[in-house]
Amino acid sequence: MTEQIELTQPNSSTAKALEVTGLTVIARRDGTTTEIVSDISYAIDRGRTLGVVGESGCGKTVTSLSVMGLLPANLSSAGSIKIAGHEMAGASERTWENTRGNQVAMVFQEPMSALNPVMKIGTQVAEVIVRHRGTSPRIAHKEAIELLAAVGIPSPEVRANDYPHQLSGGMRQRAMIAIALACQPVLLVADEPTTALDVTIQAQILDLMVELQDRTGTAIQFISHNLAVVSQIAHDIMVMYAGRVVEKATAQEMFSAPLHPYTRGLIETLPDPDRPVKRLPVIPGAVQSMAAGAAGCRFAKRCSLADGHCAQVTPALELHGSDHWVACHKVPA
Amino acid sequence: MTALLEIDAMSVHFQVGSGMLRRGKTLKAVDNVTLQINENETVALVGESGSGKTTLGRVVAGLGSTTAGSVRFRGAPLEASGKIQMIFQDPFSALDPRMLVGDVVAEPLRLLGRGKARDRRDRAREMLDQVRLPKDAAERFPHEFSGGQRQRIAIARALVADPELIVADEPLSALDVSIQSQVLNLLMDLKESRQLALLFISHDLAVVHHLADRVAVLYLGRIVEVASRDGLFKNPSHPYTQALLQAAPKIGMRRSSQTTMLRGEIPSPLNPPPGCSFHPRCPKARDICRQVAPALESAPGRTGQLAACHFKD
C-alpha cells in the first residue's frame with residue numbers, strides 16, 4: 001500500500017529529472033503493426049546530459065516526442081514517463097500543457113519551422129513566461145530581453161522586435177533556446193539542435209548549452225546522429241537501433257571501449273584525421289523497420305558476428321562492468 | 001601534373017533588388033577566385049554557408065555563368081561536352097520522379113546525342129551495376145530507393161558519359177552515417193578506376209581530410225587559404241582556417257564552455273566588411289585589416305601553401 005502511494009506521489013526534490021520505464025510506441029497502418037520504440041528504459045539526473053545516438057529510423061525522435069507528450073495521434077504508447085517524479089503516462093492534455101514549456105521544453109532541428117513566423121522574437125519568449133508564470137506582459141517582456149542576452153543575442157532590446165526570418169540560423173536557434181529555458185525547465189529535450197548549422201556556429205551553440213546547463217542544472221536529452229557532436233556535450237550515451245536500446249554507458253566508456261557491434265561500427269565508419277585509413281570500414285545494408293513482436297536481434301542482418309541464435313533470440317540489455325549496458329549475444333559476459 | 005581545369009580571377013556577381021528606379025546592390029557570391037584542378041586530383045572546397053562554394057561549383061559544372069575572369073577546361077572555354085558532371089546534395093530532388101531509373105542514368109547520353117537508344121540503355125545498366133545497385137534497378141522509379149541508393153543512381157548518371165571531372169556538392173550530408181561511408185568508399189573506388197578529378201564541396205572537414213589531395217577555404221566569396229591536405233590540416237596559416245579546424249567536432253571529451261575561439265557569424269555577402277572581410281571575427285585583426293584586403297600569397301615556411309592574411313602564420 002505504502003509503495004503505491006510513493007509511486008504516484010509527486011516528488012519534485014528527486015534527483016531524477018526524467019525516468020522512462022518500459023516505453024513502447026506502436027504504429028498501426030494498413031492493418032500492419034510496427035514497433036517504432038520497443039520497451040526502452042532510461043533516466044537522466046539533474047545537471048546531466050544524455051546523448052541519444054542512432055541513424056534515422058532508430059526511434060530517437062519518437063522517444064523525444066513521447067517524453068514531450070507530443071506523439072502524433074496514429075501512434076500509441078505504453079510504459080511510464082516520470083518528469084521530476086511526476087507520472088506523465090496517460091496524463092490529460094491539460095496536464096501536458098502545463099508541463100510543456102514549464103517543466104520540460106524542446107529545441108528542434110529547424111528553428112525556422114518551430115518559431116512562429118508572424119510573431120516578434122521577444123513576444124515569443126515573453127509568451128511562455130506569461131503563460132506559465134502568470135507574469136504581467138510588461139515584466140515578461142523585460143525578462144525576455146534578459147533571456148535573449150543570456151543566450152548571446154547581441155543588442156537584445158533591438159533584436160526582440162525582429163521576426164524569425166530577420167535572424168540568421170544560429171540566432172534563431174539561440175532564440176529557440178531562450179524560449180525553452182524561459183521557465184527554467186528540469187528537462188530540455190534537444191533534437192538535432194545543431195544539425196542545420198555551420199560548424200563554427202554549431203560549436204558556439206554547444207558552448208552555450210554547456211554554459212547554461214552549468215548555470216541552471218537543467219537535465220538535457222540531446223539527440224543526434226553525429227557521434228562527434230554528442231561526445232562534445234553528453235555525460236552519458238544511449239545508442240538506439242531500430243527502436244531498441246543496444247548500448248548505454250558513460251560517454252568516456254562508450255567512446256573508449258564500445259561493446260556493441262553497431263556502436264563500434266558507427267564509430268569506425270567516421271573518418272578521423274588523427275587516424276587516417278585508406279578505406280573506411282562500412283556497416284552493410286540499412287536500418288529496417290520491425291513488425292511488432294518479431295524476435296531476434298534487429299541488427300543481426302547487418303552484423304558480421306551474427307549467427308542463427310542472434311536471428312532468433314532477442315538479446316537482453318545486460319550489465320557489463322560498473323555501468324555499461326549492452327544488448328548483444330556476442331559480447332562475452 | 002597537367003592542369004585539367006583552370007579558374008582564373010573568376011567572379012560571379014548578382015544584382016539584387018534593382019528595379020526601374022532603384023539601383024540595387026551587388027552580391028559578390030564569388031570574387032576574384034583563381035584555382036586549378038589537375039588530372040586525377042581531388043580538390044575540396046570548404047567554408048560556411050554563404051561562402052560561395054556552391055556558386056563556384058555550379059559555374060564549373062556549366063550551370064551558372066561568370067561575370068568576370070575565365071574558366072578553362074583542358075585549355076579551352078567550358079562547353080557542354082559531358083566531360084564535367086555534377087552530383088548534388090539532395091538525392092531526392094535531383095532525380096526526376098516520373099522517369100525510370102534506367103532513363104535517368106542514360107539521360108546525359110541522350111542529351112549529348114551519343115549512341116542509339118538501345119546502346120544507351122545497356123550503358124545505363126552497366127553503370128548501375130558499377131555503383132552496386134540490383135540488376136532490376138533500371139526498370140524501377142527513384143521513389144522505390146533509399147537515400148543512399150538514390151545517391152548511387154546520381155553517381156551512375158554522373159559517370160555514364162565518361163567525364164573527366166566530377167563536381168560533388170555535399171554529396172554525403174543528406175545521408176545517414178553508416179550510408180555515408182558506403183557512398184564515400186564507392187566514390188573513391190570509381191575515382192581510382194576511372195582516373196577522375198573531383199571538385200568536392202563539403203562542410204565536413206573529417207570527410208575532406210579522408211578524400212582530398214588539396215583544399216581551398218572560401219570565406220565570403222574569396223579563397224582565404226589553399227594548400228595540400230596535410231599542409232592545411234597540420235599547419236593552417238589563415239586564422240579562419242585555424243578556427244574552422246578548431247570548431248570541427250571530433251569524438252572526444254565533453255567540452256567546457258567557452259572553448260570556441262571564433263565569435264560572431266559570417267556577415268551578409270550583400271554588405272561585406274571593408275578590408276579583409278574576416279576582420280570582424282578575427283582575433284588578430286588590426287587597423288590595416290579594416291582598410292586593405294589582403295592578397296592570396298605564399299604562407300611563410302609552407303611550400304605551395306597560399307593564404308590571404310596580413311598576419312598569416
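Start by selecting helix H8 of chain B, residues 239-247. Pro239(B), Tyr240(B), Thr241(B), Ala243(B), Leu244(B) and Ala247(B) are buried there; a residue counts as buried if 20 or more other C-beta atoms lie within 10 Å of its own, exposed if 12 or fewer, and partly exposed in between, with C-beta atoms placed from the backbone. The helices (H or I, at least four residues) and strands (E, at least two) on this tour are DSSP runs, numbered from the N terminus.

Keep in mind that this is a predicted model, where local features need pLDDT of at least 70, side-chain atom pairs count only at pLDDT 80 or more, and totals for chains, interfaces and linings use all residues. Residues are numbered from 1 along each chain as its sequence is written, while chains are lettered from A and ligands numbered from 1 in the order in which they are written.

What covers the buried residues of H8(B)? The cover includes H9 of chain A, along with E3, H6 (205-211), E9, E10 and H7 (229-234) of chain B.

**Next stop: strand E9(B)**

Select residues 214-219 of chain B. Since 6 of the 6 residues of E9(B) are buried, this strand is largely enclosed by the rest of the structure. In a regular strand, side chains alternate between the two faces of the sheet. Here Arg214(B), Ala216(B) and Leu218(B) are buried on one side, and Val215(B), Val217(B) and Tyr219(B) are buried on the other.

E3(B), residues 42-46, runs parallel to E9(B) and is joined to it by 4 bridges. Look for Ala44(B) opposite Val215(B). E10(B), residues 222-228, pairs with E9(B) in the antiparallel sense over 6 bridges, and there Leu218(B) stands opposite Ile223(B). E9(B) and E10(B) make a hairpin with 2 residues between them, and Leu220(B) in the turn has a positive phi of about 45°.

**Where the chains touch**

Zoom out to see both chains: the contact takes 41 residues from chain A and 35 residues from chain B. Which element gives the most on the side of chain A? H9(A) does, with 11 residues.

**Last stops in chain A**

Select Leu197(A), in the loop between E7 (187-191) and H9 of chain A. Leu197(A) is buried, with 24 other C-beta atoms within 10 Å. Beyond its neighbours within four places in sequence, Leu197(A) is in contact with Gly169(A), Gly170(A), Gln173(A), Gln202(A) and Ile205(A).

Finish on H2(A), residues 60-67, where 6 of the 8 residues are buried, so this helix is largely enclosed by the rest of the structure. Val62(A) and Val67(A) are among the buried ones. Just after H2(A), Gly69(A) takes a positive phi of about 65°.

Methods. Two residues are in contact if their C-beta atoms, placed from the backbone, lie within 7 Å. Two strands pair if DSSP finds at least two bridges between them.
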